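Give the cut-offs as you go.

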Amino acid sequence: MLVGAAFAVLLIAISDLRTSGRLVARSRSTNAAADRLEELVIDLETGVRGYVIARQERFLKPWKAARAAFPTRAKTLERLAEEPGQKQRVRSIDRDVAAYINEYSVPLVEAVRRNSPAARSIATTEEGRQRIDALRTEFDRFKSTERDLLSSRQRRDDRNAGRAVAGATVGLAGSIVLILGFGGYLVRAIVWPLRRASRLSRQIAAGSLGTRMQEGSVGEIGALERSFNTMAASLEHDREERRRLTDEQAGLRRVATLVAQGGPPDQMFSAVTREVGLLSGADLARMERYEADGTVIGVAQWSKHDEQLAVGRRFSLEGVSIAAQVVETRGPVRVDSFAEAAGQIADEARQLGIRSSVGCPIVVEGQLWGVIAASSRTDVPFPAETESQMAEFTELVATAIANAESQAELRASRARIVAASDLTRRRIERDLHDGVQQRLVSLALGLRAATSEMPSGLDEVEKELTNVASGLGGVLDDLREVSRGIHPAILGQGGIGPALRTLAQRSKIPVELDVRVEGRLPEPVEVAAYYVVSEALTNAAKHARASNVSVAVEVHGSVLRVVVRDDGDGGADPNRGSGLLGLKDRAEAIGGRISVVSPHGAGTTLTAELPLDDETG
Ligand SMILES: Nc1ncnc2c1ncn2[C@@H]1O[C@H](COP(=O)(O)OP(=O)(O)OP(=O)(O)O)[C@@H](O)[C@H]1O
Ligand SMILES: [Mg+2]
């Protein structure tokens, strides 16, 4: 606006300057034309005077020329003179000159030609002088007026020039200010934001995805700021999502490894509870198992701040709780507030400062086994994907529980089979010992008594009866040997030490026996240890061609370790017979294990580790 006004002033001033310049030039031309017209008047006067004095026609030449030129020049001057008064004055001069010519100089010339004495009279000369003076005076007035006009026009001209200079100065200054201001505006509004965007883009490229541009600009730059922030937010969200998925996968892998290792379920429950707590961003997480009496019992817990929650404590399902809702829905549930909720679990939740919880069922082979719940102390709701994350973990938990249960069942059934077979063996051994063996013994005694009371002379019969009696003794020995193999009755009497000593004595290969056991051990362990040593000694005699066998039995903590080592050929392979496999079954049935190390030509070492406190034993 300001600059526009300045330039308008400048244009007007220039236009005025041009007009007044033109007027000044016209004034000057007018003055020059007046001068030239006055010169003609002088020519008229001097020409006629010279002719009067010299009376020669040639002196009339300027007079004639001036007389001819005057009307045209007078018209020119009248045209040039702009002021009406001046035009009037020109016309008056024109009339007076015409009068001077017609009334004075033409009659004078004719008088000279006629040689009239009047031509030289003082009166005539005086009239001519007066007329010329009058004309000069008129010319002076005309020129003086014209000069006044000229000087006033020049003053106006100067004023216009001043205005033009002022307008130009203001316009120029305004333009410079405008250019600088606009330049500054462009730098602030466009260059700086673009530079900032470029710097922040580099930060984003370097990985600082939390970088944002300050918004607030208008137009394209504002749109750029918004787009930049949208892009950064989207990149950050993607990275968070990737990180979350990576964490989830890592957590699932850790738990899956534990499941595959088949370690203690408690360890896996704790690991899963911790992973779920960490992944969901919870403050507390907890796993509970449903009990038959309609309660839940805590089996694992995790806390962001290492607080100890009640593991092993029972809670009633009355009132509001994740566990109670899961029973109803059999699916994932959320509790958004425990503020007004009733029930034991809700009370506990309020005490712990829990605001909201989310939970998922753990279903093992179609049965609701338990529940896992994550809880928050803030008002920020759990992410929408929390339930699906939990579900992945609960599937692993269910698999692990199902595996553990089936393994436990397998061990229990093995133990039952071994126990049942041991029972049967013991019963057969007792039946043989108390029944068949006793009857055979009493038959042998009866036979011996009958033989000793035989009348003489029946030598043949007596010899026959003696043979029968000794055959009966052999049958008794065989029967004892068989019943010993069926069940080591001696175990029941003296425990593992005497039983192993008997085995060692009966061995065909010399045995170094080292038994470091005090008192009695659980019966299944004693029986298993006995069969391990018995089978190892039999194998050493049968397959190893050994010269010596060592037997070491010792308690290590809660494990009985039995090591039988021979110096024979080695090369034992459990898959080639049933003896070693039977030992493996027996040991594993009570939670123990067997290992056979038998390199060719370097003897065989059989080691059994039998737990003393196994629940299934
Ligand atoms: N101490 C040993 N030294 C060398 N070879 C052995 C020894 N113990 C076992 N073996 C080898 O390993 C195989 C498997 O032994 P295992 O006791 O399982 O079966 P077995 O003795 O052949 O038959 P069973 O024990 O059922 O009467 C044997 O057949 C034998 O070849
Ligand atoms: Mg064998």
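Buried means under 20% relative accessible area, exposed over 50%, and partly exposed in between, with a 1.4 Å probe and protein chains only. Asparagine 539 is buried, at a relative accessible area of 16%.

This is a predicted model: local features need pLDDT of at least 70, side-chain atom pairs count only at pLDDT 80 or more, and totals for chains, interfaces and linings use all residues. Residues are numbered from 1 along each chain as its sequence is written, chains are lettered from A and ligands numbered from 1 in the order in which they are written, and side-chain values use heavy atoms, leaving out hydrogens and water.

Helices (H or I, at least four residues) and strands (E, at least two) are DSSP runs, numbered from the N terminus.

**Sheet.** Six strands make an open antiparallel sheet, ordered S3-S2-S1-S6-S5-S4. Strands S3 (314–316) and S4 (333–335) are the edges; each has a single partner strand, so one side of each lacks a neighbour in the sheet. Two strands pair if DSSP finds at least two bridges between them. S2 (residues 295–303) and S3 pair over three bridges. Isoleucine 297 faces arginine 314 in S3.

**Packing helices.** Contact means heavy atoms within 4.5 Å. Axes are lines fitted to C-alpha atoms, for helices over the stretch in contact, and angles run from 0 to 180 degrees between N-to-C directions.

| Helix | Strands | Angle |
|---|---|---|
| H6 (residues 265–280) | lies across S1, S2, S6 | about 60° to S2 |
| H7 (residues 322–329) | touches S1, S2, S4, S5, S6 | about 145° with S4 |
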